[in-house]
Amino acid sequence: MDASMIPFDYSTLRFIWWLLLGILLIGFAIMDGFDLGVAAQLPFVAKTDGERRVVLNVIGPVWEGNQVWLILGGGAVFAAFPLLYALSFSGFYLAMCLILLALILRPVGFKFRSKVPDPRWRTTWDWALFVAGFVPALVFGVAMGNVLVGVPFRYDADLRPIYEGGLFGLLNPFAVLCGLVSVAMLVTHGSSMLALKTDGAIAQRARRIGSIGALATIVLFVLAGLWLAFGLDGYSIVGTQDPNGPSNPLVKQVAKTAGAWMHNYHALPWTWVFPLLAIVALLVAALQLRKGKAGLAFIASALGIAGILLTEGVSAFPFLLPSKLDPNASLTLWDASSSHMTLFIMLIATCIFLPIILLYTIWVYRVLRGKVGEASVSQTPNAY
């Protein structure tokens, strides 16, 4: 196919893929986020061995399918924004390994935790599963925070990325605050799922933890927003950048100035709806959890997650990964994408397979609907 036959111009396809990447990240945070949030509160929301088995069997049958959203997001970055993929997966290598090791603990913990009746054995795996939930939730948030702080990389004349940072350099104060936002957000979402899928003491504790988590998320999110507006230098393109230009990050000029991350909100006041959505939805989640309406709380917490991630996307647009070593080398939506033809072919594939994934996910959750209790777990031979 000739490029002239593609029904979308290059800039439109780039923007579509930016939206799709955001949708996949939100999908991952909502779908696999409650798995991480449940695991991160396992030792606290469930006190007895029977209760902990119930909690594990809430997420045990679905976590593998939910993790597909993470794979889809990584695949989208690889296919649509290869410069971002190459730089982030090499620069954040140790952080990625930390997440991978934590995620490996999850299936191992599910499989081996209840194989031995020894209480010490099971308690050890309970805390391993806590790590498997807490660490990825924290590190993903830290990574999102570093997108706004800027990452220490540059490009040489041959467009070879050179990363000059380390794991501990990512743990700057603002990024750690974003990590805490992520942990509180996902614990709230996990609590909403537990309140929806369980009864009795577990549901009661989950409602209490979730309502506190929702309020903590709001406070931390507002603090991060104030820091972003008044205490953190942002990035902006000097002059104009051709949205249909070549994928070469070295052909633009970028300035680093105070308050630059607020430019999009000043230019498009309607975008304030996203941070407001996050705050209002989380307030609703806290109230609905206190009222015992877990279904509404789960929907509200999902909307809160969407609002928080959309706020980050609007703040950074059109930047994908700013460079604090050489701001001109920062990656943007307009200079880090694949070719025009590649984006179009991938869009066709996405339009075919993403609806299939959505339909399959809906079918799975319909089959697995209903409460999980100690009686059902004890009577099911394959239960965790």
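Cysteine 178 is buried, because its relative accessibility of 12% falls under the 20% limit. The model in which this value was computed is a predicted one. Cysteine 97 has a relative accessibility of 27% and therefore counts as partly exposed. A disulfide is a covalent bond between the sulfur atoms of two cysteines. A search of the whole structure finds zero disulfides.

**Packing of helices**

Two packed helices are described by the angle between their axes and the distance between the axes. Two such pairs are set out below.

| Helix pair | Angle between axes | Distance between axes |
|---|---|---|
| α4 (residues 49–59) and α11 (residues 200–230) | about 65 degrees | 10 Å |
| α13 (residues 273–291) and α14 | roughly 160 degrees | within 7 Å |

How are α13 and α14 oriented, roughly parallel or roughly antiparallel? Their axes cross at roughly 160 degrees, which makes α13 roughly antiparallel to α14, because angles over 145 degrees are classed in that way. The crossing in which α13 passes α14 is left-handed. On the α13 side, the residues that meet α14 are Phe274, Pro275, Leu277, Ala278, Ala281, Leu282, Val284, Ala285, Gln288 and Leu289. On the α14 side, the residues that meet α13 include Leu296, Ala300, Leu303, Gly307, Ile308, Leu310 and Val314. Sorted by class, the contact of α13 with α14 comprises 16 nonpolar residues, five polar residues and no charged ones.

The other pair is arranged as follows. Helices α4 and α11 pack at an angle of about 65 degrees, and they are therefore roughly perpendicular to each other. Their crossing is right-handed. Helix α4 contributes Glu51, Val54 and Val55 to the contact, while α11 contributes Ala201, Ile202 and Arg205. Of these residues, four are nonpolar and two are charged, and none is polar.

**Residues within the helices**

Leucine 277 belongs to helix α13. Its relative accessibility is 30%, so leucine 277 counts as partly exposed. When its neighbours within four places in sequence are set aside, leucine 277 is in contact with Leu303 and Gly307. Alanine 300 lies 23 residues from leucine 277 along the chain, and the C-alpha atoms of the two are separated by 9.6 Å.

Two residues of helix α11 may be set side by side: isoleucine 212 and leucine 228. Which of these is buried, and which is exposed? Isoleucine 212 is exposed, because its relative accessibility of 52% is over the 50% limit. Leucine 228 has a relative accessibility of 8% and therefore counts as buried. With sequence neighbours within four places left aside, leucine 228 is in contact with Leu148, Phe174, Trp261 and Ser315.

Isoleucine 212 and leucine 303 are 91 residues apart in sequence, with 17 Å between their C-alpha atoms. Leucine 228 and phenylalanine 319 are likewise 91 residues apart in sequence, with a C-alpha to C-alpha distance of 15 Å.

Methionine 144 is found in helix α9 (residues 119–149). Its relative accessible area is 26%, and methionine 144 is therefore partly exposed. Apart from neighbours within four places in sequence, methionine 144 is in contact with Leu309 and Glu312. Glutamate 312 is 168 residues from methionine 144 in sequence, yet the C-alpha atoms of the two are 8.0 Å apart in space.

**A cis peptide bond**

Most residues other than glycine have a negative phi, and most peptide bonds are trans. The bond that joins phenylalanine 317 and proline 318 is a cis peptide bond, with omega of about 5 degrees. Where is proline 318 placed? Proline 318 is in the loop between α14 (294–316) and β5 (319–321).

Conventions:
Residues are numbered from 1 along each chain as its sequence is written. This is a predicted model: local features need pLDDT of at least 70, side-chain atom pairs count only at pLDDT 80 or more; totals for chains, interfaces and linings use all residues. Side-chain values use heavy atoms; hydrogens and water are left out. Axes are lines fitted to C-alpha atoms, for helices over the stretch in contact, and angles run from 0 to 180 degrees between N-to-C directions. Helices (H or I, at least four residues) and strands (E, at least two) are DSSP runs, numbered from the N terminus. Angles under 35 degrees count as roughly parallel, over 145 as roughly antiparallel, 65 to 115 as roughly perpendicular and the rest as oblique. A crossing is left-handed if the near helix is turned anticlockwise from the far one by less than a right angle, and right-handed if clockwise. Contact means heavy atoms within 4.5 Å. Ala, Val, Leu, Ile, Met, Phe, Trp, Tyr, Cys and Pro count as nonpolar, Asp, Glu, Lys and Arg as charged, and the others, Gly among them, as polar. A disulfide is a pair of cysteine sulfur atoms within 2.5 Å. Buried means under 20% relative accessible area, exposed over 50%, partly exposed in between (1.4 Å probe, protein chains only).
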